Amino acid sequence: MCVIMDNNVYEHIPAEQFEFQQLNAELHDQKLETKSRGYFADAMIRFKKNKSSVVAAWIILFLVMFSIISPLVSGISVRHMDTVYKSHPPFIKAVADKFSDKNWCFWDGGYTHESQSESQLLVWNAIGEETGLNPVNRVLGETIQKEKYRGQWRDVKYYTIENNKYYERGVVYRTVSYEEFQRIQDFQNETGVQVIYPYVEAKDINDIKDNPNIWYQVKDAKGTPAVDAEGNLIPAYSTNPSLLQYKEYDDNGELVTVEVPYNSLRIENDPGNYMYGYVRSGSVTIRVCYFTYYQYVNEGRLPNYVFGTNSLGQDLFTAIGVGARFSLIFAVVVSAINLCIGAVYGAIQGYYGGAIDLFLDRVSDILSGVPFIVVATLFKLHLAAKVGIVPSFIFAFILTGWIGMAALTRKQFYRFKGQEFVLAARTLGASDWRLMFKHVFPNSLGTIVTSCALVIPGVINSETNLTYLGIINLQEVFGTSIGVLLSQGQTSMTSAPHAMLFPAIFIALLLISFNLFGNGLRDAFNPSMRGVED
Amino acid sequence: MLKYVIQRVVLMLITLFIITGMCFILIRMLPPATVSPEDPHAEIVELRREALGYNKPLLVQFGIFLKSVFTKWDWGVSDKLYVGRDVFKMLYQKMPATVLVNLYSILISIPIGIILGIIAALKKNTWIDHTISTLTMVVISVPSFVYAFVIQYLFSYKLGWFPFLMKAGTDYFTWEMFVSMVPAIMSLSFGVIAGFTRTTRAELTEVLTSEFMLLARTKGLTKAQATVRHAFRNCMVVVLPSIFGSFIGVMSGSLIIEKIFSIPGVGQLYINSINAPDYPMFIMNTFFYTSIGLAASIVVDLSYGFIDPRIRMGSKK
């Protein structure tokens with residue numbers, strides 16, 4: 001027998017010397033220490049690293065929220081167009097009451113008047129004295145000029161003042177029916193807000209008929225206030241009882257005097273015999289403080305215009321929200337439709353190639369040759385009357401809008417259609433349609449979606465351009481749009497720059513953020529494209 | 001190459017023909033402008049419409065239209081805006097204002113744009129590059145009327161340097177006229193500068209990192225030599241065609257800027273013809289805009305081939 005002495009001889013190892021290494025052991029791959037992530041999670045991480053895009057995303061979110069919320073909270077309909085408060089600066093009463101003397105105060109309805117004379121200042125203050133709403137926010141500066149007055153030189157002071165444009169209007173004439181007169185009185189009784197102020201007869205104030213703000217005795221026909229020894233204004237309110245009376249025939253055919261009742265708030269210094277209206281041919285002419293009259297007309301709401309009003313008297317805060325809402329929804333809808341059409345078109349082009357590609361390319365070439373403005377005009381002229389202005393507008397954007405998307409999809413299809421996984425699927429008998437949309441398309445989805453984020457600002461931009469030019473008029477349908485607001489702001493640019501400023505800031509912010517966001521998305525989904533601008 | 005050029009031009013002409021035909025038919029489908037019976041010209045207008053075939057099928061109308069264009073260069077007469085005037089002459093008269101403003105604008109802004117782009121590319125990833133790129137992005141995103149508004153408000157209203165609107169009249173080459181054009185020129189320039197800065201920067205950064213630049217440096221060229229001789233020339237392959245494109249685009253101008261600064265140009269004519277509505281003028285303008293657009297794109301495409309032999313070879317396959 002041969003005994004194995006040498007361990008290095010392996011040729012005749014008896015069976016019993018073998019033992020199982022891992023008979024009952026379970027074999028596993030080593031567990032991954034990190035979490036696995038997919039394509040989108042990976043892109044998300046890359047996106048989050050791009051600070052400016054994240055900020056842009058938050059700004060977009062904020063602007064979207066603004067457009068949803070602002071028409072709800074403002075309480076003012078976009079169709080409400082005030083006839084007096086047009087092109088008025090931003091104003092919030094609560095803020096203005098507290099801080100109107102501060103220079104930084106933004107919501108004080110401030111409007112700067114230059115070279116106001118002493119007597120003009122007195123007139124402004126007189127409005128405040130009567131209505132209790134002083135239009136003079138603050139005196140910004142004063143200059144002294146030498147002027148020749150009756151042959152002698154003397155110093156005349158001129159002031160630069162900032163007025164509250166809402167209070168500045170003061171008192172206006174309104175001619176109302178007897179019922180309306182009673183309703184205003186009811187409103188006064190209910191809220192304790194003085195709307196109607198005592199009537200002043202023209203004969204008492206030098207026959208001045210066109211200035212309802214004069215309630216004091218005047219020196220001349222220009223309305224220069226007369227003051228008493230202490231420098232106070234002397235009221236010129238009428239106490240003539242016949243003002244609120246009219247004559248009519250009663251049932252017996254006799255001429256009787258009928259009194260129009262006024263049983264409501266009276267101003268502070270009223271001895272009890274001031275007349276609060278002037279009856280003329282079936283109606284009452286009254287002096288109302290416009291600020292409180294506004295409250296009466298709008299069911300007690302104050303004219304708190306956060307962004308001011310435009311030249312039509314619309315609240316800009318609401319109008320921007322309404323306009324932006326339309327722009328955003330419109331852009332998303334148009335982009336989505338264009339994406340679908342472009343994807344299918346580009347897929348067919350790219351997948352089949354050859355003659356089909358050539359033919360379809362020609363079609364899209366011809367369509368893209370038509371200037372967009374011509375398309376929009378033609379659609380408006382032909383379809384607006386039949387299907388409405390908005391659908392015709394959408395059609396116009398769709399007619400040529402999908403071409404870019406189609407070109408992009410086509411490129412992606414050319415890239416992927418020859419690859420092995422497509423060949424494998426084809427070998428297994430997948431149909432063309434299945435190959436296109438189940439195998440190739442998902443691979444190009446990243447590129448397509450990111451370019452969609454860059455399409456949206458483009459749509460918003462052209463939409464704003466068209467409404468700005470007035471080629472498409474959305475005012476009847478939506479009340480307004482950003483482009484309309486901008487073109488209205490243009491008309492009142494020198495007197496009310498805010499009417500242009502706020503919509504301009506809004507649209508600029510929106511478009512910049514969308515572009516930043518889109519760039520960030522593209523960089524995140526296609527890291528190889530980073531920094532390439534197209 | 002010649003074959004390629006001819007092929008492209010013929011294709012463009014076919015496209016132009018189809019577009020004009022489509023637009024013509026779509027416009028003629030609309031009811032023509034009404035003429036009140038009291039109008040002394042009512043009879044003439046009716047006769048003229050009869051001659052143009054307003055009661056005949058649309059394709060016949062298009063035939064008549066083409067015939068009068070090719071034989072008499074007659075594009076029709078204006079219906080509402082300039083009643084009875086030849087639309088081509090009106091368009092022609094409106095050209096100088098548009099061309100002049102746009103020409104000034106691109107003459108100023110193309111060099112600035114390219115220089116800014118070069119600076120940004122050479123100083124890539126420094127604060128200079130970041131500033132330029134950010135500003136470019138902002139200007140490209142913001143619609144032109146926003147900065148037109150800023151310019152008008154600052155320079156015309158607050159500072160009072162320039163008039164609000166362009167001066168009326170046809171004395172296009174006076175100093176006064178130029179001053180009144182400045183706000184419009186500035187507003188137009190922003191977009192052009194930003195566009196060229198972006199293209200130049202993107203192109204030059206790509207060229208600067210390519211391998212032949214490394215080779216040039218290895219051969220012993222200084223950085224400046226390599227940049228000027230190799231990088232710029234390659235970057236111009238892309239920039240030059242868009243310069244040609246801009247020069248063609250000069251004629252079409254910008255509707256918005258012309259409206260804001262009331263430039264009596266083609267854009268304003270176009271908007272007026274839509275709002276009037278004046279269909280013969282509209283057809284004329286549509287043809288004009290379409291041909292300018294197509295011409296610009298074909299010039300851009302062909303100039304690529306002329307400038308860069310590699311692209312020319314590619315087109316021959």
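This is a predicted model: local features need pLDDT of at least 70, side-chain atom pairs count only at pLDDT 80 or more; totals for chains, interfaces and linings use all residues.
Begin by selecting P163(B), which is found in the loop of chain B between α6 (144-158) and α7 (175-208), and which counts as partly exposed at 34% relative accessibility. If residues up to four places away in sequence are left aside, P163(B) touches S156(B), V179(B), S180(B) and P183(B).

Select F62(B) and F65(B), a stacked pair with 6.3 Å from centre to centre and 20 degrees between the planes. These two residues are three apart in helix α3 (residues 58-72) of chain B, so about one helical turn separates them, and both are buried.

Move on to W73(B) and W75(B), whose ring centres are 5.4 Å apart and whose planes stand at 90 degrees, so that the pair is edge-to-face. W73(B) is partly exposed, with a relative accessible area of 45%, whereas W75(B), at 7% relative accessibility, counts as buried.

In chain A, select the residues of one aromatic cluster, among them Y85(A), F91(A), Y166(A), Y167(A), F187(A) and Y305(A).

Finish with the lysines: K165(A) lies over the face of Y111(A), at 4.3 Å from the ring centre, and the charged end of K259(B) sits over the ring of Y468(A), 5.2 Å from its centre.

Technical notes. Residues are numbered from 1 along each chain as its sequence is written. Chains are lettered from A and ligands numbered from 1 in the order in which they are written. Side-chain values use heavy atoms; hydrogens and water are left out. Helices (H or I, at least four residues) and strands (E, at least two) are DSSP runs, numbered from the N terminus. Buried means under 20% relative accessible area, exposed over 50%, partly exposed in between (1.4 Å probe, protein chains only). Contact means heavy atoms within 4.5 Å. Rings of Phe, Tyr and Trp (its six-membered ring) pair if their centres lie within 6.5 Å; planes under 30 degrees apart count as stacked, over 60 as edge-to-face and the rest as tilted. A charge sits over a ring if NZ of Lys or CZ of Arg is within 6 Å of the ring centre and within 35 degrees of the ring normal.
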